[in-house]
Amino acid sequence: MRLFRFFIISVIIIFAGFTKGSGQIAIMKHDADSLVKLGSFYIYNVEFDKANDCFAEVIKRYPDHPAGYFLDAMVEWWRIWLYRHNETWDDIFLEKIDRVVELCDSYLDENPSDITALFFKGGAIGFRGRFYTVRKSWLNAANDGKNAFDILHECKRLAPGNHDIMLGTGIYNYFAKKFPEIHPVLEPIMAFLPRGDIRLGLLQLKAAAELARYADIEAQVIRLQIYYQFEKDYKKTYNIALNLHNRFPNNPYFQRYVGKTLIIHNKLDSAEIIWKELLRRYLDKMPGYDIYAAREGLYYVGHCLMAKGKEQAALIYLNKCVEASDIVDEEDSGFMVQAHLKIAKIYDKLGIRDKAVDHYEIVLDMENKQGSHSKARRYLKKPYGS
């Protein structure tokens, strides 16, 4: 099932970022275009009420155009994306997506090559498929992925040089090649689909990020994920994340990538500032900063303090990370396991062996995360730092 998931995601993600895909083709009047751009800024900056107001005005002025309805649904998508453990907005999102599809179908019934309807229908179905992957509804995800895939090819035929389209083609080219490399069992399945090309995919995504009129930000979001998770190019990851964080300072998703890459580059002072700011925003109850983000922040602040030799201060944050994991009922999460391992190491370093042993044994009772079991066994035999 996990391998099947990778395949589905590689197809569904084709339209994962088509927030405003028809922009260069389905030209709207200047007033709507300005509202779309302003509303999109509000989405990425996690000012959802303002975004809703912008798109409501677009719908009011152009009730027969799918743009306003689609973008209004994207507000709910980003709520779900940031609060993925919360299902409050699921039904609202699906209802709004259905409205977009129905409107597009009314145009496609008259003209199957209506480029505006194709773009927005493809985007809507793609996001719905991505939603189903978040909720682990694989059959629904597979169906939407196939439909989005077909629409992509029709859009390419009608507008092959459009840079917004390159978001979709770039994503497909990259993942159609990357996933079979990681999981060879997928090669027979991918044989029935067009071949991917990693280098071409990255170039297309770069072109979309630099030249697309409406899909530029989503192209950057996808590049951020690719360079961090798959290419392991943390310099590019940091540059993209910092750019997005500077443009949309209220978005915790971008802020977290800045913090994680600073940790990787061992820039501990800067990383500590970023993660403490994230924790402050959580305490201030800023939109998007939930307990899951706070748990991550607690862990990384503890990591920074520990690495700088501030063991007592690190213990405070790491223990609070454990408490946060208890609250969200994820005892075997990676953060929980690694927090216990770090706590054990600190107690060893402080010469409090009995407490260190307790935490090593806790680690052994949990799932093995990133070699945590072998490390715990090693330090049970020989104290950490000795």
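Trainee: What does the accessible surface of the chain come to, and what percentage of that surface belongs to carbon and sulfur atoms?

Mentor: This is a predicted model, and in it the accessible surface of the chain comes to about 17400 Å², with 52% of that area belonging to carbon and sulfur atoms. Of the 386 residues of the chain, 57% count as buried.

Trainee: How many helices and how many strands does the chain have?

Mentor: The chain has 19 helices and 0 strands. As for how its parts meet, among contacts between residues at least 6 apart in sequence, 64% join residues at least 24 apart.

Trainee: Which residues of the largest nonpolar core touch the most other members?

Mentor: The general idea is that in soluble globular proteins, nonpolar side chains tend to be buried together. Here the largest nonpolar core holds 119 residues, and those touching the most other members are M74, W77, W78, F93, Y253 and F254. Helix α4, spanning residues 66–82, supplies the largest share of this core, namely 12 residues.

Trainee: Which residues does W78 touch, if those up to four places away in sequence are not counted?

Mentor: With those sequence neighbours left aside, W78 touches I43, Y44, F48, E218, N251, Y253 and F254. Two of these partners, Y253 and F254, were also named with W78 among the core residues that touch the most other members.

Trainee: Turning to charged pairs, how many salt bridges does a search of the whole structure find?

Mentor: The search finds 23 salt bridges. One of them joins R79 to E76, with the closest N and O atoms 3.1 Å apart; both residues lie in helix α4, 3 residues apart, which is about one turn of the helix.

Trainee: Are R79 and E76 buried or exposed?

Mentor: The cut-off matters here: a residue counts as buried under 20% relative accessible area. R79 is therefore buried, because its value is 12%, and E76 is likewise buried, because its value is 4%.

Trainee: Where do E277 and R281 lie, and how far apart are the closest N and O atoms of their salt bridge?

Mentor: Both lie in helix α14, residues 268–283, at a separation of 4 residues, about one turn of the helix, and the closest N and O atoms are 2.9 Å apart. E277 counts as partly exposed at 24% relative accessibility, whereas R281 counts as buried at 10%.

Trainee: Which residue forms a salt bridge with D284?

Mentor: The partner of D284 is R280, the closest N and O atoms being 2.5 Å apart. D284 is partly exposed, with a relative accessible area of 45%, and R280 is partly exposed at 38%. Elsewhere, salt bridges that share partners join D49, D72, E76, R79 and K96 into one network.

Technical notes. Residues are numbered from 1 along each chain as its sequence is written. This is a predicted model: local features need pLDDT of at least 70, side-chain atom pairs count only at pLDDT 80 or more; totals for chains, interfaces and linings use all residues. Side-chain values use heavy atoms; hydrogens and water are left out. A nonpolar core is a set of buried Ala, Val, Leu, Ile, Met, Phe, Trp, Tyr and Cys residues joined through side-chain atoms within 4.5 Å. Buried means under 20% relative accessible area, exposed over 50%, partly exposed in between (1.4 Å probe, protein chains only). Helices (H or I, at least four residues) and strands (E, at least two) are DSSP runs, numbered from the N terminus. Contact means heavy atoms within 4.5 Å. Accessible areas come from the Shrake-Rupley method with a 1.4 Å probe; for residues, only the protein chains shown count as cover. A salt bridge is a side-chain nitrogen of Lys or Arg within 4 Å of a carboxyl oxygen of Asp or Glu.
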